[in-house]
Amino acid sequence: MSEHIQLSIALCRIGFYTCLQKLCCKAPPSPRPEYDVVCIGLSGAGKTSLLSRLCNEISDGTVPTAGAETIKKYWSRYYQGSQGVVFVLNSAASDEEMEVSRFELLSAMQHPQLCTLPFLILANNQDSPAARSVSEIQKYLELQPLARGKRWILAGSTTNNMEAVKESFSQLIRLLEEKEVLPSRI
């Protein structure tokens, strides 16, 4: 594998509404539940750019995470308390980088602290001419057998279409809320 391929991680806390308030409602809005979601993927996949745009932050001059390989041994500290995983990959990456992404996704899905969590897999850079389609990536990553029994979503993304990214996060929220409801169903 190439030495220039580095792994990086970002931790984000995402707060979302679980239900919409009626427009005429005079009561204060219900508190937003917060979820701890860990965001992982290879360097250059676009994690910081997507999260910055999602939070309406200026992403000009975004600098990739440096020294990501050296901090990998500390990743499990970031995993603790996570309720969901966002895995970002570059859909226009080389075959070698896609193979590394596949390996890292498999590792994350099997990690004891993450294996029961819902995954949002974002195939980023879908606007690139070299991008693989979402269905090609699903087949390439072997997601059907790899993620059997797990809760996951695979969606295309680009910083030029944040509405699609927001919809993907909304789907992740629905998976997170399902987990919260499950214990009361028993």
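**Close-up views around strand 4**

**View 1. Strand 4 pairs with strand 5.** Five bridges link strand 4 to strand 5 (residues 152–156), and the two run parallel. Strands pair if DSSP finds at least two bridges between them. Phe119 lies opposite Trp152 of strand 5. Helices (H or I, at least four residues) and strands (E, at least two) are DSSP runs, numbered from the N terminus. The model is predicted: local features need pLDDT of at least 70, side-chain atom pairs count only at pLDDT 80 or more, and totals for chains, interfaces and linings use all residues. Residues are numbered from 1 along each chain as its sequence is written, and side-chain values use heavy atoms, with hydrogens and water left out.

**View 2. Strand 4 pairs with strand 3.** Strand 3 (residues 84–90) and strand 4 run parallel, joined by six bridges. Val88 faces Leu122 of strand 4. Strand 3, helix 3 (residues 95–110) and strand 4 form a right-handed β-α-β unit. Right-handed means that, with the strands pointing away from the viewer, the path from the first strand over the helix to the second runs clockwise.

**View 3. Strand 4 is buried.** Six of the six residues of strand 4 (residues 119–124) are buried, so the strand is largely enclosed by the rest of the structure. Buried means under 20% relative accessible area (1.4 Å probe, protein chains only). Phe119, Ile121 and Ala123 point one way; Leu120, Leu122 and Asn124 point the other.

**View 4. Helix 3 meets helix 4.** Asp95, Met98, Glu99, Arg102 and Leu105 of helix 3 contact Ile137, Tyr140 and Leu141 of helix 4. Contact means heavy atoms within 4.5 Å.

Notes. Buried means under 20% relative accessible area, exposed over 50%, partly exposed in between (1.4 Å probe, protein chains only).
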